[in-house]
Amino acid sequence: MGTLNFSPPLPEVKILFVIIQPAKRIRGSLVLPGDKSISHRAAIMAALAEGMSRLQNYSTSADCSATLSCLQQLGVRIEPTGKDVLIDGSGADGLRSPETALDCSNSGTTMRLLAGILAGQSFTSIMTGDESLRSRPMQRVVEPLNMMGAHVSSQAGRAPLVIQGRRPLQAIEYELLLASAQVKSCILLAGLYADGRTEVIENEVTRDHTERMLSWFEVPIETGAAEREGANARFAAVQGPARFKARDVLIPGDVSSAAYFIAAAALLSGSYLEVRDVGVNPTRVMFLKQLRAVGLDVTVTDSKEESNEPIGTVGVRGLDAPRPSRDPEAPYKLAGLIIPQLIDELPLLAVVGSQIEGGIEIRDARELRVKESDRIATTAMNLRAMGAEVEEFDDGLRVDGPTRLHGARIDPHGDHRIAMAFAIAGLFAKGETEIEDAGCVSVSFPEFFELLESVVER
């Protein structure tokens, strides 16, 4: 098996800006690169398996390349073959001490999930990343890992993390302090190196890709309703120590990447778009439900299951006018338990809100303040630059609609999701929209602008 070093991890940004012209409609059919969340987890579990795993349609994102780069530094043999990645697993006990700090680049998922694995090793590792990642909160994983017996130190709750692993770790029961699939996954992965049963309780539903992937790699996992007052309380538990069996994984298209094309097609009259073989995990399709709730025409067909994940085809038709089943005079409100299931799409939903009767109000989304940028402030600033009326709150914002946006210069503050959301806004704005630092989309979706151009009609 040959070797190829994945260049860390964030590629050199060459795109300084992109000009978005107004569009008449969206037409076409797309198949998207693999889901980021699933790709991270598949790579980590394949690395811990005994034997060869083929990951089909692995994500092309810089974030997922960061995970592969870190795994290589830990001694895992990895080879790309076209759109697939071959991983020769080292086994649960086969990782080696890295010679240098593990560079997670911009990827919080890489850092938080690998921290759980490294906590159960018999060596010390250092994890760092770019300026953005070093500003994001990591105390949320430091605390439970230290409870399990590892020694994890940080810079005031931020990276770099110094992880002095311990084996075996101590099994714990841990109730999440905030809704976070990454924290849940970190603890469950650490639990694979503990003696006994490690249980994570969540009071709000989060993505369940880790639970599904553990099961696919034949690691026993328990899930179900937790004995708590909240109707949504759930638990997931693993029994350590555990072993993985090598498996091939077919990774579905990334539904969070598909969201941008779906929103554009839904808002532009006369559009028709199909996104095929995309993930339709129930914890990831809340965005589609919200588009339907504001009267847009979005359907899911051809559902099936691959590698323990549901996939299907999303069809979108652009209507002459939305048909909302609500009071069009009041803003459409997003708040409460559904927010964790929409966290990646909230800036895009704010853009959608500028185009619907009554606009949109987003609350209980304070977590957006500590993403790749302060997404509440950045979304509000750029919507105002395009002529929208926006009121900003500590935990969200309100956007008036419908508003005829006008072209503007958009500063995404290095945030891929802001850049993509406002590229979509530019399609139904008057005049040109310039996306600065457009190369930041490589963090999650390097092909974004090329694929967008392929389905736009002007």
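Good morning. Strand β12, residues 194-202, and strand β14 are joined by 7 bridges and run antiparallel. Please keep in mind that this is a predicted model.

Let us stay with this pair of strands for a moment. Across from Ala237 in β14 stands Glu199. Strand β14 has a further partner to discuss, namely β13, residues 221-225: 5 bridges join β13 to β14, and these two strands also run antiparallel. Here Thr223 is the residue opposite Ala236 of β14.

How many residues of strand β14 are buried? Of the 7 residues in this strand, which spans 234-240, 5 are buried, and the strand is thus described as mostly covered.

I now turn to the helices. Two packed helices are described by the angle between their axes and the distance between those axes. Helix α6, residues 181-191, packs against helix α7, residues 209-216, at an angle of about 30°, and their axes are 9 Å apart. Angles under 35 degrees count as roughly parallel, and α6 and α7 are therefore roughly parallel to each other. On the α6 side, the contact is made by Lys184, Ser185, Leu188 and Leu189, while α7 contributes Thr210, Glu211 and Leu214. Sorted by class, this contact of α6 with α7 has 3 nonpolar, 2 polar and 2 charged residues.

Gln341 is found between β20 (332-334) and α10 (346-353). Is Gln341 buried or exposed? Its relative accessible area is 15%, so Gln341 is buried. Apart from neighbours within four places in sequence, Gln341 is in contact with Val205, Pro282, Thr283 and Met286.

Thank you for your attention.

Methods. Residues are numbered from 1 along each chain as its sequence is written. This is a predicted model: local features need pLDDT of at least 70, side-chain atom pairs count only at pLDDT 80 or more; totals for chains, interfaces and linings use all residues. Side-chain values use heavy atoms; hydrogens and water are left out. Axes are lines fitted to C-alpha atoms, for helices over the stretch in contact, and angles run from 0 to 180 degrees between N-to-C directions. Helices (H or I, at least four residues) and strands (E, at least two) are DSSP runs, numbered from the N terminus. Angles under 35 degrees count as roughly parallel, over 145 as roughly antiparallel, 65 to 115 as roughly perpendicular and the rest as oblique. Contact means heavy atoms within 4.5 Å. Ala, Val, Leu, Ile, Met, Phe, Trp, Tyr, Cys and Pro count as nonpolar, Asp, Glu, Lys and Arg as charged, and the others, Gly among them, as polar. Buried means under 20% relative accessible area, exposed over 50%, partly exposed in between (1.4 Å probe, protein chains only). Two strands pair if DSSP finds at least two bridges between them.
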